[in-house]
Amino acid sequence: MTPLANTLRTHSFHPVIPQELQFGIGLIVDLSPSSELWNNVTTTHSFADEIVRQATAIKAQIVIGRYAENRMIYQDKANFSACQNRTVHIGIDLGVPALTPVFSPLDGEVYSIANHQDDGDYGPMIILRHQLNGIGFFTLYGHLHQAAHATLNVGDSIKAGEQFTAVGTTEENGGWAPHLHLQVIEKINTNANDYVGVVDPAELDFYLRNCPNPNLILKRSDLD
């Protein structure tokens with residue numbers, strides 16, 4: 001475990017979304033190629049339809065997409081047309097209703113604000129910069145509601161527990177069902193307005209070190 005991952009593991013954080021959702025009854029979705037979910041997908045019943053069916057069956061309050069999962073849902077999206085080898089999801093997806101508030105898990109500042117509107121991309125996105133026990137790192141929030149952070153600026157201070165944005169709608173979030181993509185990044189690249197959230201398996205070792213499991217912040221016991 002890296003020093004950052006160990007620090008996150010031992011620290012307590014404010015919920016990223018309302019507590020009753022973050023720790024509510026969850027459907028943890030398996031989108032890997034071997035998932036039984038695909039047995040129920042047809043030309044008229046999409047994988048998104050199947051997730052809704054499964055969530056309804058258990059009265060789930062949140063639908064969760066797993067960290068470090070090899071997926072088969074990206075290659076028909078325009079955002080991935082030039083990078084077919086990117087298949088491993090390196091964040092956690094929190095499927096909650098559009099306009100659900102998003103809170104900072106700890107003190108930080110706005111590092112970047114962007115809006116990536118290619119099909120399958122992040123849509124509106126914010127990266128926060130943090131310091132914790134002398135370690136600098138970033139948290140990335142994708143698929144947001146643009147109007148919820150319209151007055152936010154790069155460099156603004158954000159307190160732990162402060163709402164700074166909200167979950168976006170399908171029409172603005174890159175074409176996905178409403179959800180928050182949460183990602184932790186230790187060292188960011190020089191492109192401040194973006195960071196890859198789905199990676200090539202050949203580069204996975206690097207990204208597992210640089211982007212530790214966001215559940216170290218969320219702390220859901222069923223994701224350990």
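In helix H1 the buried residues are Leu4, Ala5, Thr7 and Leu8, where buried means under 20% relative accessible area, exposed over 50% and partly exposed in between, with a 1.4 Å probe and protein chains only. Because these residues cover an arc of only 160° around the axis, they lie on the same side of H1; the arc is that of the directions from the helix axis to the C-beta atoms. The face of H1 turned away from this buried side carries the exposed residues Pro3 and Thr10. Helices (H or I, at least four residues) and strands (E, at least two) are DSSP runs, numbered from the N terminus.

This is a predicted model, in which local features need pLDDT of at least 70 and side-chain atom pairs count only at pLDDT 80 or more, while totals for chains, interfaces and linings use all residues. Residues are numbered from 1 along each chain as its sequence is written, and side-chain values use heavy atoms, with hydrogens and water left out.

The buried residues of H1 pack against E8, E9, E12 and helix H5 (215-218), contact meaning heavy atoms within 4.5 Å. H1 (residues 3-10) lies across E8, strand E9 (135-142) and strand E12 (180-185), and runs at about 75° to E9; axes are lines fitted to C-alpha atoms, for helices over the stretch in contact, and angles run from 0 to 180 degrees between N-to-C directions. H3 also packs on the sheet, where it touches E1 and E2, and its direction makes about 145° with that of E1.

The strands in question belong to an open sheet of eight, with mixed pairing and the order E1-E2-E5-E12-E9-E8-E7-E10; two strands pair if DSSP finds at least two bridges between them. Its edge strands, each pairing on one side only, are strand E1 (26-29) and strand E10 (157-158). Within this sheet, strand E7 (residues 108-116) and strand E8 (residues 123-132) run antiparallel and are joined by seven bridges, and Ser112 has Ile127 in E8 as its bridge partner. A further open sheet consists of three strands in the order E3-E4-E13, with antiparallel pairing. Two bridges join E4 to E13, and Val88 stands opposite Val199 in E13.

What, then, lies in the interior? The largest nonpolar core has 50 residues, of which Leu8, Val16, Ile17, Tyr141, Phe164 and Leu180 touch the most other members; such a core is a set of buried Ala, Val, Leu, Ile, Met, Phe, Trp, Tyr and Cys residues joined through side-chain atoms within 4.5 Å. Apart from it lies another core, of seven residues, including Leu31, Leu37, Trp38 and Ala55.

Arg71, in the loop between E3 and strand E4 (88-89), counts as buried because its relative accessibility is 4%. Its side chain is joined to that of Asp93 by a polar contact of 3.1 Å, a term for a pair of N or O atoms within 3.5 Å of which, within protein, one must be able to donate a hydrogen and the other to accept it, residues adjacent in sequence counting only if both atoms are side-chain atoms.

Most residues other than glycine have a negative phi. Lys59, however, has a positive phi near 55°; Lys59 lies in the loop between helix H3 (47-57) and strand E2 (62-65), and counts as exposed because its relative accessibility is 69%. Ala68 likewise has a positive phi, of about 60°, and is found in the loop between E2 and strand E3 (69-70).
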